[in-house]
Amino acid sequence: MHVRIRLFARLREIAGDAELHRELPDDATASTAWHALTAQFPGLAPYERLISCAVNEEYAKLSTPLQEGDEVAFLPPVSGGGGRRFTTD
Amino acid sequence: MSSAREAAQEHHRVTTAALDPGALVNSVAGPACGAVATFVGVVRDRNAGRRVLWIDYEAYAPLAHKAFDQIAREALERWPAVRLAIHHRIGRVAIGEASVAIAAASPHRAEGFAACRYAIERVKQMAPIWKHEHFEGGEVWIEGAPADPWDEDARRHALERACT
């Protein structure tokens, strides 16, 4: 299947592109798309556990199955962030 | 879709234009409103010992709108009488200029202040917006933690900050 991949901020800089297109297997998930990128751009690999993802402009899990024509976006950490690590400003 | 949600959605904006807190206040104020609490986040000239020159903000705009929508729905659950507007600037923002503005209108001040504080905490936690700080001698992306709209700890933390 064909998917459109969007990258933002530092991820965009590492890959040198805000938007990429990839052909993925029919059973691909968002995670498959991510690993297609890290294979090509090893500099993205350190973000493996830090990214959020979105499919068709909705937050999604990396396990979300993709479909033909989907837009999958990978998002680096935001300035505030969640979990137990909060900024104070 | 409820009318409350429609009202919340049209109040959200991600824009390259200078923010106008006064317009934001007018957009949420109404006859039943006895208070409008506002928060304006401004680019400051120092951060972590660095002399900041400017900040470039980048957003995934359609998702940011949806994040603002979720934040407004969360606020409405907790403070049903509050009307919230969230505007975030993107692109280059100079020292002293506003990067984010939030207005919370309510019948009484207590819930307005609380909802406004809650909203900025949630914006920083989960809106897909990034800060690229340019300072004397370099530049850095300000990266905290992953945006996670399902993180209940984060939501609880924002609520605690809003209500204490």
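Helices and strands are named here as DSSP runs numbered from the N terminus, a helix having at least four residues and a strand at least two. The views below are taken from a predicted model.

**Figure 1. Glu58(B), a residue in strand E4 of chain B.** With a relative accessible area of 15%, Glu58(B) falls under the 20% limit and is therefore buried. Leaving aside neighbours within four places in sequence, Glu58(B) is in contact with residues of both chains, namely Phe8(A), Ala9(A) and Arg12(A) on the one hand, and Ile90(B), Pro128(B), Ile129(B), Trp130(B) and Trp141(B) on the other.

**Figure 2. The contact region between chain A and chain B.** In this interface, 35 residues of chain A are in contact with 30 residues of chain B. The area buried between chain A and chain B is about 3,000 Å², and carbon and sulfur atoms give 55% of that area. On the side of chain A, Tyr59(A), Val78(A) and Ser79(A) supply 24% of the area that this chain buries against chain B, which is more than any other three residues supply. The size of an interface is often given in this way, as the accessible area lost when the parts come together.

**Figure 3. Chain A and its order of elements.** Chain A is made up of two helices and five strands, and from the N terminus on these elements follow one another as β-α-β-α-β-β-β. Of the 89 residues in chain A, 47% count as buried. Among the contacts in chain A that join residues at least 6 apart in sequence, 50% are between residues at least 24 apart.

**Figure 4. Helix H2 of chain A and its buried face.** Helix H2 of chain A covers residues 30-40, and within this helix Ala30(A), Ala33(A), Trp34(A), Leu37(A) and Thr38(A) are buried. Seen down the axis of H2(A), these buried residues fall within an arc of 135°, so they line one face of the helix. An α-helix has 3.6 residues a turn, so residues three or four places apart point the same way. The elements of chain A against which the buried residues of H2(A) pack are strand E1 (2-7), helix H1 (9-15), strand E2 (19-23), strand E3 (52-55) and strand E5 (71-75).

**Figure 5. Strand E7 of chain B between its pairing partners.** Strand E7 of chain B, residues 98-106, is mostly covered, since nine of its nine residues are buried. Eight bridges join E7(B) to strand E2 (residues 35-42) of chain B, and these two strands run antiparallel; in this pairing Phe39(B) stands opposite Ile102(B). Six bridges join E7(B) to strand E5 (residues 83-89) of chain B, again in an antiparallel arrangement, and here Leu84(B) stands opposite Ala104(B).

**Figure 6. The largest nonpolar core and helix H4 of chain B.** The largest nonpolar core has 34 residues, of which Phe68(B), Ile71(B), Trp79(B), Leu84(B), Ile102(B) and Val123(B) touch the most other members. Two or more residues of this core come from each of E4, helix H3 (61-78), E5, E7, H4 and helix H5 (152-163) of chain B, and H4(B) gives the most, with eight residues. Apart from this core lies another, of 23 residues, among them Leu11(A), Ala30(A), Trp34(A) and Phe41(A). Ile71(B), when neighbours within four places in sequence are left aside, is in contact with Leu84(B), Ile86(B), Tyr118(B), Ala119(B), Arg122(B), Val123(B) and Met126(B). Helix H4 of chain B, residues 109-126, reaches 26 Å from its first C-alpha to its last, which is close to the 26 Å expected for its 18 residues at 1.5 Å a residue. Because 14 of these 18 residues are buried, H4(B) is largely enclosed by the rest of the structure.

Figure 7. Most residues other than glycine have a negative phi. At 27% relative accessibility, Glu57(A) counts as partly exposed. At 64% relative accessibility, Ala48(B) counts as exposed.

Terms used. Residues are numbered from 1 along each chain as its sequence is written. Chains are lettered from A and ligands numbered from 1 in the order in which they are written. This is a predicted model: local features need pLDDT of at least 70, side-chain atom pairs count only at pLDDT 80 or more; totals for chains, interfaces and linings use all residues. Side-chain values use heavy atoms; hydrogens and water are left out. Buried means under 20% relative accessible area, exposed over 50%, partly exposed in between (1.4 Å probe, protein chains only). The arc is that of the directions from the helix axis to the C-beta atoms. Contact means heavy atoms within 4.5 Å. Two strands pair if DSSP finds at least two bridges between them. The expected span of a helix is 1.5 Å times one less than its number of residues. A nonpolar core is a set of buried Ala, Val, Leu, Ile, Met, Phe, Trp, Tyr and Cys residues joined through side-chain atoms within 4.5 Å. Buried area is the accessible area (1.4 Å probe) that two parts lose on being put together, summed over both.
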